[in-house]
Amino acid sequence: MPEDGALPATALAGAERRPLGFYLHVPYCATRCGYCDFNTYTASELRGSGGVLASRDNYAEQVVEEVRLARKVLGDDPRPVETVFVGGGTPTLLAAADLGRMLGAIREEFGLAEGVEVTTEANPESVDPRYLAELREAGFNRISFGMQSARQHVLKVLDRTHTPGRPEACVAEARAAGFDHVNLDLIYGTPGESDADWRASLEAALGRGRTMCRRMR
Ligand SMILES: C[S@@+](CC[C@H](N)C(=O)[O-])C[C@H]1O[C@@H](n2cnc3c(N)ncnc32)[C@H](O)[C@@H]1O
Ligand code: SF4
């Protein structure tokens with residue numbers, strides 16, 4: 001990739017006819033789940049990196065710089081941004097104000113379209129009502145929680161640290177904070193998961209929010 005971030009002509013051809021969206025990756029997790037293929041680091045992995053990896057403390061600043069670089073790369077492209085998705089890792093390990101600064105840079109540099117969808121992913125154990133209210137205040141209007149399963153023995157196989165029931169509580173807290181759009185991720189086919197376990201997870205999720213199912217590879 002060129003240092004100035006320049007895109008090949010093939011990537012820019014017809015770009016003005018396509019909607020513009022941002023994905024911002026936050027590569028930090030409190031602990032790692034064995035099944036996860038995403039690019040994430042725990043605090044101890046970061047300590048062992050000899051400072052090569054960006055730290056959580058200055059991560060938002062670095063994302064702001066990247067957004068500014070994207071503005072230069074796209075020149076005078078007038079499209080406002082229609083979707084922003086902050087994923088991870090666990091974005092909600094950063095302060096809500098940091099996520100707000102990252103979104104603010106996109107707003108400042110590109111402008112947000114009317115009706116823009118602004119999502120963050122979150123681990124159920126990483127948020128509380130105050131944090132959710134701060135996210136809403138910062139401009140986030142959709143949140144996606146990693147529920148995975150409603151059964152403790154399945155959560156254990158997946159290395160999840162939240163307890164059954166916490167994701168449903170998160171949905172209620174998010175709605176109370178003003179989120180109209182709340183998603184729960186489920187994983188199907190975990191070793192040891194029975195049909196009854198899967199049904200219990202679906203029922204728990206459908207009782208509270210919309211469900212997106214992801215199949216284990
Ligand atoms: C990247 S995680 C970020 C969300 C948050 N860290 C959490 O785990 O709650 C987003 C979702 O990806 C799914 N996922 C993780 N590893 C996966 C894999 N190897 N294959 C398919 N889906 C996966 C999980 O359902 C998870 O909720
Ligand atoms: S918490 Fe989420 S991002 Fe982190 S390892 Fe687990 S599934 Fe992957």
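This is a predicted model: local features need pLDDT of at least 70, side-chain atom pairs count only at pLDDT 80 or more; totals for chains, interfaces and linings use all residues.
1. Fold elements. The protein chain contains eight helices and six strands. Their order along the sequence is α-β-α-α-β-α-β-α-β-α-α-β-α-β. The radius of gyration is 19 Å, close to the 17 Å that the globule rule gives for 217 residues, so the protein chain is as compact as a globular protein of that length.

2. Dimensions and surface. The C-alpha trace of the protein chain spans about 55 × 45 × 35 Å along its principal axes. The accessible surface comes to about 11700 Å², and carbon and sulfur atoms account for 51% of that surface.

3. Burial and contacts. Of the 217 residues in the protein chain, 47% are buried. When contacts between residues at least 6 apart in sequence are taken, 75% of them join residues at least 24 apart.

4. Charges. The protein chain carries 25 positive and 31 negative charges.

5. Thr42. Where does Thr42 sit in the chain? Thr42 is in the loop between strand 1 (20–26) and helix 2 (43–47). Thr42 has 10% relative accessibility and counts as buried, because the cut-off for buried is under 20%. Apart from neighbours within four places in sequence, Thr42 is in contact with Cys29, Ala30, Thr31 and Arg32.

6. Phe22 and Phe110. Four aromatic pairs are found in the whole structure. One of them joins Phe22 and Phe110: the ring centres are 5.1 Å apart and the planes are at 65 degrees, so the pair is edge-to-face. Phe22 belongs to strand 1 and Phe110 to helix 4 (residues 96–110), so this pair ties together parts that are 88 residues apart in sequence. Phe22 and Phe110 are both buried.

7. Tyr23 and Phe85. The rings of Tyr23 and Phe85 have centres 6.1 Å apart and planes at 25 degrees, so this pair is stacked. Tyr23 lies in strand 1 and Phe85 in strand 2 (residues 81–88), which makes the pair a link between distant parts of the chain, 62 residues apart. Are these two residues buried or partly exposed? Tyr23 is partly exposed, with a relative accessible area of 46%. Phe85 is also partly exposed, at 26% relative accessibility.

8. Strand 1 in both pairs. Strand 1 supplies Phe22 to the edge-to-face pair with Phe110 of helix 4. Strand 1 also supplies Tyr23 to the pair with Phe85 of strand 2.

Technical notes:
Residues are numbered from 1 along each chain as its sequence is written. Chains are lettered from A and ligands numbered from 1 in the order in which they are written. Side-chain values use heavy atoms; hydrogens and water are left out. Helices (H or I, at least four residues) and strands (E, at least two) are DSSP runs, numbered from the N terminus. The radius of gyration is taken over C-alpha atoms; the globule rule is 2.2 Å times the number of residues to the power 0.38. Buried means under 20% relative accessible area, exposed over 50%, partly exposed in between (1.4 Å probe, protein chains only). Contact means heavy atoms within 4.5 Å. Accessible areas come from the Shrake-Rupley method with a 1.4 Å probe; for residues, only the protein chains shown count as cover. Lys and Arg count as positive and Asp and Glu as negative; His and the chain ends are not counted. The place of a charge is taken as NZ of Lys, CZ of Arg, CG of Asp or CD of Glu. Rings of Phe, Tyr and Trp (its six-membered ring) pair if their centres lie within 6.5 Å; planes under 30 degrees apart count as stacked, over 60 as edge-to-face and the rest as tilted.
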